[in-house]
Amino acid sequence: MTNPRRIYLLSPKAYSPETIAVTFAKTSRSPRPFDEIAAELNDDRSARFHEKWVVGYGHSSVAEHAVLHLALENISRLAIETIEGNRLASYTEKSTRYQQWNDDAFYFPQELAGHPLAKKFIVTCKHLFTTYQACIPRVQDWLRKTMPRDEGESENAYSRRIAPASVDICRFLLPAASLANVGVTINARALEYAICKMLSSPLVEVRQIGEQVREAGQKETPTLIKYADCNPYLVQTRKEMTQRSKGIPKGSSGTNFRLWSYDPDGENKILAAVLFRFSSDRSYEDCLDFVNQLGSVEKTALLDSLLSERGRFDQPLRELEYAQMTFEIEMDQGAYFEFKRHRMMTQTVQPLTASLGFAIPRGMVGAGCEEVYLDAMRQAAGLYDELGAWNPDVAGYIVPNGFNRRVLMTMNLRQAFHFCQLRAAENAHFSIRLVALKMREALLQVYPSLTKFMFIPERDSWQNIEETHFSSLKTA
Ligand SMILES: Cc1cc2nc3c(=O)[nH]c(=O)nc-3n(C[C@H](O)[C@H](O)[C@H](O)COP(=O)(O)OP(=O)(O)OC[C@H]3O[C@@H](n4cnc5c(N)ncnc54)[C@H](O)[C@@H]3O)c2cc1C
């Protein structure tokens with residue numbers, strides 16, 4: 001008789017993360033039950049195992065079984081970018097949509113201590129925050145006129161609707177120096193690389209956070225992240241490529257949205273892969289040949305049968321990942337801050353800059369705040385230019401959410417479904433809705449038979465969002 005099936009937890013309440021990782025690693029060579037293996041381990045024995053196998057022989061995947069929950073408080077949103085740039089982790093952070101900022105809730109970069117522009121940095125930041133706070137009630141008054149209370153809606157419920165809508169408009173003023181809290185769940189393998197990237201950052205704040213994270217993490221995983229350090233390759237490549245990029249002739253102002261490439265056979269490849277998956281003895285070539293010779297009516301019917309039964313919350317089959325595409329999109333920093341949270345794609349973002357102009361939300365104009373808004377944004381842009389001539393990385397701290405930024409991304413059609421559906425939804429912020437709806441429109445041109453199955457609010461288009469929510473997408 002075989003041994004009975006057992007399924008149980010190795011609880012972090014009973015074992016340290018490093019011991020759990022060693023226990024799992026040992027099942028590779030030992031036939032014994034996990035709890036017996038764990039019972040024989042202690043922190044010292046686990047550390048010795050990790051030194052030998054994970055650190056010494058590079059069996060790094062073992063470290064993925066040691067999971068940490070890190071609480072990071074009062075760090076700038078610019079620093080959060082480096083932290084959340086690690087894809088194999090989970091994050092939840094302070095929302096710019098559901099919380100408001102005090103006028104001193106910003107980070108003062110240490111690089112600026114004693115610098116002639118230090119005072120101007122503080123004054124400009126405070127001015128952005130006080131403008132933000134002053135605009136909120138005025139925008140709320142305007143919203144009450146333009147977004148009337150629904151029939152039967154209580155004053156409380158109505159206020160709960162108006163408050164986030166006003167913050168959605170005023171958040172364009174918040175600089176990247178704004179402080180936030182973020183909770184991070186990450187395994188020790190990913191954390192080691194995350195620390196290495198932080199310690200290689202050009203920003204003092206990020207390097208300090210890297211050291212604090214290493215110190216905090218070592219309390220739970222003393223061995224697995226102990227060797228995380230600044231990486232000369234990252235530092236040097238950054239310097240070299242920044243220098244070389246300066247030699248590139250600057251062309252026209254570029255485009256604010258472009259589908260650079262896509263796989264023209266994407267839909268056929270997806271269909272062939274799905275048929276391949278469900279057939280036990282046909283090769284991929286058989287499946288592709290079959291799909292390629294289908295007439296358009298038969299092919300459409302096959303594509304329909306792939307997605308027509310899918311429910312609103314069902315993920316499409318993984319085979320939608322066989323169609324890849326690359327976009328270049330200019331979006332405001334507020335939208336990028338949300339965009340960067342999507343992990344199942346390759347993203348490349350340029351440093352924060354004031355040189356791509358900023359968006360003007362229509363609500364600012366409607367509420368009569370246009371002048372103060374423009375004034376605060378232009379002051380920030382002016383300071384960015386002054387700081388940028390000295391240290392472009394530090395200058396990024398003063399750039400508010402409303403400024404534009406270019407992002408390059410490669411993703412597959414399955415992730416495009418997820419992104420567009422989540423971010424084009426009516427409850428999403430209008431800046432990211434604009435991005436999602438443009439993307440969906442581009443995909444309808446190239447993969448019409450599958451993209452039509454995205455669940456997107458039909459009455460909305462990006463043109464409609466632009467018209468309703470923006471006075472201008474670009475002001476120098
Ligand atoms: C209405 C709304 C409000 C939000 N409010 C906040 C907020 O207040 N604070 C905040 O920090 N964020 C907030 N977010 C962002 C949200 O938490 C997600 O981080 C973001 O939408 C990225 O999408 P995603 O997690 O679905 O995954 P993506 O990273 O886009 O990944 C795609 C899919 O892959 C799978 N996946 C990826 N990584 C993992 C993983 N580690 N474990 C399991 N499955 C995974 C999931 O199925 C996921 O849907 C909000 C989002 C929405 C839509």
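Modeller: The domain assignment, which is automatic or from a database, divides out domain 1 (1-65) and domain 2 (266-307). The centres of domain 1 and domain 2, taken over C-alpha atoms, are separated by 44 Å. This is a predicted model, in which local features need pLDDT of at least 70 and side-chain atom pairs count only at pLDDT 80 or more, while totals for chains, interfaces and linings use all residues. Residues are numbered from 1 along each chain as its sequence is written, and side-chain values use heavy atoms, without hydrogens and water.

Consider α5 (118-146) and helix α6 (residues 155-170), helices here being DSSP runs of H or I of at least four residues, and strands runs of E of at least two, numbered from the N terminus. The axes of α5 and α6 come within 9 Å and cross at roughly 130 degrees (lines fitted to C-alpha atoms over the stretch in contact, with angles from 0 to 180 degrees between N-to-C directions). α5 is therefore oblique to α6 (under 35 degrees is roughly parallel, over 145 roughly antiparallel, 65 to 115 roughly perpendicular, the rest oblique). The crossing of α5 and α6 is right-handed (near helix turned clockwise from the far one by less than a right angle; left-handed if anticlockwise). On the α5 side, the contact (heavy atoms within 4.5 Å) is made by Y132, C135, I136, V139, Q140, W142, L143 and R144. On the α6 side, the residues include E155, Y158, I162, A163 and V167. By class, this contact has 13 nonpolar, three polar and two charged residues (Ala, Val, Leu, Ile, Met, Phe, Trp, Tyr, Cys and Pro are nonpolar, Asp, Glu, Lys and Arg charged, the others, Gly among them, polar).

Helix α5 also takes part in one of the 14 aromatic pairs of the structure. F108 and F121 are edge-to-face, at 6.1 Å centre to centre with 75 degrees between the planes (ring centres of Phe, Tyr or the six-membered ring of Trp within 6.5 Å; under 30 degrees is stacked, over 60 edge-to-face, the rest tilted). F108 lies in the loop between β2 (89-93) and α5, and F121 lies in α5 itself, so that distant parts of the chain, 13 residues apart, are linked.

Helix α4 (residues 77-84) packs on helix α8 (residues 204-220) at about 50 degrees, with the axes 9 Å apart. These two helices are therefore oblique as well, and α4 passes α8 in a right-handed crossing. A79, T82 and I83 of α4 meet E205, V206 and I209 of α8, which gives four nonpolar residues, one polar and one charged. In strand β1 (residues 67-76) sits N74, which has a positive phi of about 55 degrees although it is not a glycine.

Finally, helix α17 (residues 413-423) and helix α18 (residues 430-446) pack at about 140 degrees, with their axes 8 Å apart. They are therefore oblique to each other, and their crossing is left-handed. From α17, L413, A416, F419, C420 and R423 take part; from α18, the contact is made by I432, R433, V435, A436, M439, R440 and L443. The classes here are nine nonpolar, no polar and three charged residues.
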